[in-house]
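Q: I'm new to this structure and would like to look closely at one part of it. Please pick a spot where two pieces pack together, take me through it slowly, and then show me what else is worth a look.

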Amino acid sequence: MTRSLVTGGSGYFGSLLVRRLLAAGHAVRVLDLHAADDRPSGVEMVIGDVRERTSVAQAVEGVDLVFHNVAQVPLARDDELLRTVNVDGTQLLLAEARRAGVAKVVHTSSSAVFGGPRSNPVLPTTVPSPAEAYGHAKLAAEWACLDATAHGLDVSIVRPRTIVGHGRLGIFGILFDWIADGVDVPVLGRGDNRYQFVHADDLAEVCLLAALRPGPMIVNAGTDRFGTMRESLESLCRHAGTGARVRSLPATATSIAMRAAASMGIAPFAPYHWIMYSKSMWFDIAHAREALGWQPRFSNDEMFAASYDWFVANRAHTARDGVSHHRTTAKQGALRAVKTAMRLLPG
């Protein structure tokens, strides 16, 4: 039986990956700071910090595959944690995986390593150029993976576009909250920037396929059916049927306001939000199809509809503090006042 370790297995994507591995017949172990309330029975738990050698060594011992998902997310607004968790923790994990004789590591990176790309589509050969601290940390983690590969460890890097899926909350929880209450949602400028997402289930499939493929590779993952940001949000509003619409706000002024609110700690924005919300970005995924035989199941519209429906069905529980930024709705802060103001705007 294949024994797999999921680091960050109590988080949103990590917990989904745990369930997928169990369904595939793997014995599963999780390394995380906390045990999730919904951890399936039979999953071994190592409670520890990815930056602590003892915990990491215990977690990788006797493991065949490692799925590395521990990451400090931008909403934490802590540059030291971004560096020590995302970079130092990754370096330690790779070193211990090599020592323990792990056969394969699949490292979940981020499209943030590209910042706002100069051209689209982004290819596997596109040179990364991050625009903020989180992207820089994730790129440094990729460099650690490449270095480990050069020293004999089989590591594949998976870069997802922005992840959506049932149970994915964070700042998406705020979007769903507004739409469920019939409040108009903003786009920056005309909202005609093409923006690609990836469903968490599709991403999990990429990670599993990459784990089964011997030899290192870099794979970019996103849906193949997407349009503009406005089109995605308008489709979601139609699906919800609450009367919410999409409204344009001035791109430059709104980005400045988002940055100011974040700096004062009164709104749940990170730099990537105001940098990318009005920018186009999408991956070419031909290499994922060819190398892995992967085909995404969900379009932008389908994944947003499924995620919104899950939110509505579970709304009473989505604001509780949890073990992951992405498994609870972000605190709205000053956005509550903006929500009220959006209600009062004339149609």
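A: Let's start with the crossing of H5 and H12, which is right-handed. Keep in mind that you're looking at a predicted model. H5 covers residues 171-180 and H12 covers residues 335-344. Their axes sit 11 Å apart, and the packing angle is about 30 degrees. Angles under 35 degrees count as roughly parallel, so H5 is roughly parallel to H12.

Who does the touching? From H5 come Ile 174, Asp 177 and Trp 178. H12 answers with Leu 335, Val 338, Lys 339 and Met 342. Sort the residues of this contact by class and you get five nonpolar and two charged, with no polar ones.

H3 (residues 79-100) and H4 (residues 133-150) have axes that come within 9 Å and cross at roughly 10 degrees. That angle is also under the 35-degree cut-off, and H3 and H4 are therefore roughly parallel to each other. On the H3 side, look for Asp 79, Leu 82, Asn 86, Val 87, Thr 90, Gln 91 and Leu 94. They meet a run of H4 residues that includes Ala 133, Tyr 134, Ala 137, Lys 138, Ala 140, Ala 141, Ala 144, Cys 145 and Ala 148. By class, the contact of H3 with H4 has 11 nonpolar, three polar and two charged residues.

While you're at H4, follow the chain back into the loop between strand S5 (104-108) and H4, where Pro 121 lies. The peptide bond leading from Asn 120 into Pro 121 is cis, with omega near 0 degrees.

Searching the whole structure turns up one cavity of 30 Å³ or more, and the largest cavity holds about 60 Å³. Around it you'll find Gly 9, Ser 10, Ser 15, Val 18, Arg 19, Val 30, Ala 36, Asp 38, Arg 39 and Pro 40. Helix H1 (residues 12-23) gives the most to that lining, with three residues.

Technical notes: Residues are numbered from 1 along each chain as its sequence is written. This is a predicted model: local features need pLDDT of at least 70, side-chain atom pairs count only at pLDDT 80 or more; totals for chains, interfaces and linings use all residues. Side-chain values use heavy atoms; hydrogens and water are left out. Axes are lines fitted to C-alpha atoms, for helices over the stretch in contact, and angles run from 0 to 180 degrees between N-to-C directions. Helices (H or I, at least four residues) and strands (E, at least two) are DSSP runs, numbered from the N terminus. Angles under 35 degrees count as roughly parallel, over 145 as roughly antiparallel, 65 to 115 as roughly perpendicular and the rest as oblique. A crossing is left-handed if the near helix is turned anticlockwise from the far one by less than a right angle, and right-handed if clockwise. Contact means heavy atoms within 4.5 Å. Ala, Val, Leu, Ile, Met, Phe, Trp, Tyr, Cys and Pro count as nonpolar, Asp, Glu, Lys and Arg as charged, and the others, Gly among them, as polar. On a 1 Å grid over the protein atoms alone, a cavity is a set of points where a 1.4 Å probe fits but cannot get out, and a pocket is an open set with protein on both sides within 12 Å along at least five of seven lines; lining residues have an atom within 4 Å of a point. Grid points are joined across faces, edges and corners, and a volume is the space filled by probe spheres set on the points.
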